[in-house]
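Biologist: I have a structure open and want to learn how to read it. Please take me through it feature by feature.

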Amino acid sequence: MDIITKLKAEGINQPPTYLSEAIAASNEVTSLGNKHHHLLHCSNHLILKMATRIRRTGAKKALHLALYVICLLSAYSLGLYSRYFLQEVSRALNPTAEFSPPTKRGSLPDQWESFSFDQIYEHYECTKRVEDKLKPVPSLAQWLFLRKQYKEFVDDTVLFDDPVPPTLGYSFDESHSIPPFYAKLDPVRGRGLYASRDIQKFELVHHWSGHDVTFPDAYTFRQFVFSLPKHMACDVVDWAWSRKIHENGPEAICLSINIASLMNAGEQGDVNVSINSSSSDSFYATRYIRKDEEILTHFVRT
């Protein structure tokens, strides 16, 4: 009996969005050939247990916890979390489990330490990636992989502890509601962000949250980019931007490791959200935006 059937047996006919995302992450790992099925079985068991508790208590925190439990325990094959932690979990479940050596980084191009954005772009042949209007919206597993790489190559102290999964954005306020947009793949325009409801003029639409990341210097950014698969590297180069963290301070390279990175730039007449200054961290609606209309800005990442 699969996890959806079990949930329906528990009286949960339509799993909440967070739970659906967790199940999708589990299924994706399975499809990639995870050899350690005991991890996946354990995570499915725990997600079912947490879902039952949610049904009985209505506890949202339990749902958030369930998401991370299933991702944590079912993601070994993608290397999304530390090998040490996964080894300890696996040994507790199956003392005879064996782990293959970690995947090594591919060979780096000569003088990669000084590559410009354009050189990285050319090295990975990113033009094809950018022009591909059918490339899918990143999955939960892919967002989590990017976060894992950031921790490994940039800052191992960062806490990606937002209860909102990156496939839905980030905590828009203290109540952990999601931003008023969603990610979608349009067969003509490609992937982008769309209003999840009607948005009034001057209303806050997006802000750079404390969960966005920065890079201390260009070398560290390059090191992060060259730790990624080709398509992910192209995406990051396309998504990254620079801004002043402080009004009179230097510019820093920034990155949103969630769907906010999918916001597209529009022509002058199409732009419907904007920031106030180079040091601002908030995007406001410049006009009334109808539900399901694409969110477009003139902000250019450099």
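**Reading the helices and loops**

Modeller: Start with helix 10, whose buried residues are M232, A233, C234, D235, V236, V237 and W239. Buried means under 20% relative accessible area, exposed means over 50%, and partly exposed is in between (1.4 Å probe, protein chains only). Helices (H or I, at least four residues) and strands (E, at least two) are DSSP runs, numbered from the N terminus. Seven of the ten residues of helix 10 (residues 230–239) are buried, so this helix is largely enclosed by the rest of the structure.

Biologist: What should I know about the model itself?

Modeller: This is a predicted model: local features need pLDDT of at least 70, side-chain atom pairs count only at pLDDT 80 or more, and totals for chains, interfaces and linings use all residues. Residues are numbered from 1 along each chain as its sequence is written, and side-chain values use heavy atoms, with hydrogens and water left out.

Biologist: How many helices and strands are in the protein chain?

Modeller: The protein chain has ten helices and ten strands. Of its 302 residues, 47% count as buried. Contact means heavy atoms within 4.5 Å. Among contacts with a separation of 6 or more, 68% join residues 24 or more positions apart.

Biologist: How do I read the packing of helix 9 and helix 10?

Modeller: Helix 9 and helix 10 pack at about 145 degrees, their axes 9 Å apart. From helix 9, F221, F224 and V225 meet A233, V236 and V237 of helix 10. Ala, Val, Leu, Ile, Met, Phe, Trp, Tyr, Cys and Pro count as nonpolar, Asp, Glu, Lys and Arg as charged, and the others, Gly among them, as polar. This contact has six nonpolar residues, no polar and no charged.

Biologist: At what angle do helix 8 and helix 9 cross?

Modeller: The axes of helix 8 (residues 140–153) and helix 9 (residues 218–225) cross at roughly 135 degrees and come within 10 Å. That makes helix 8 oblique to helix 9. Angles under 35 degrees count as roughly parallel, over 145 as roughly antiparallel, 65 to 115 as roughly perpendicular and the rest as oblique. L146, Q149, Y150 and F153 of helix 8 touch T220, Q223 and F224 of helix 9. Those residues divide into four nonpolar, three polar and no charged.

Biologist: Is helix 8 mostly covered or uncovered?

Modeller: Mostly covered: eleven of the 14 residues of helix 8 are buried. Among them are W143, R147 and K148.

Biologist: What does phi tell me about a loop residue?

Modeller: Most residues other than glycine have a negative phi. Check for exceptions. E125 has a positive phi, near 55 degrees. E125 lies in the loop between helix 6 (117–123) and helix 7 (126–131), and is partly exposed at 46% relative accessible area. F202 also has a positive phi, near 75 degrees. F202 sits in the loop between strand 2 (190–195) and strand 3 (204–207). At 62% relative accessibility, F202 counts as exposed.

Biologist: Which residues does T286 touch?

Modeller: Not counting residues up to four places away in sequence, T286 touches K201, V271, N272, V273 and S274. T286 and N272 are 14 residues apart in sequence, and their C-alpha atoms are 5.1 Å apart. T286 is in the loop between strand 9 (282–285) and strand 10 (296–297). T286 counts as partly exposed, at 35% relative accessibility.

Notes: Axes fitted to C-alpha atoms, helices over the stretch in contact; angles between N-to-C directions.
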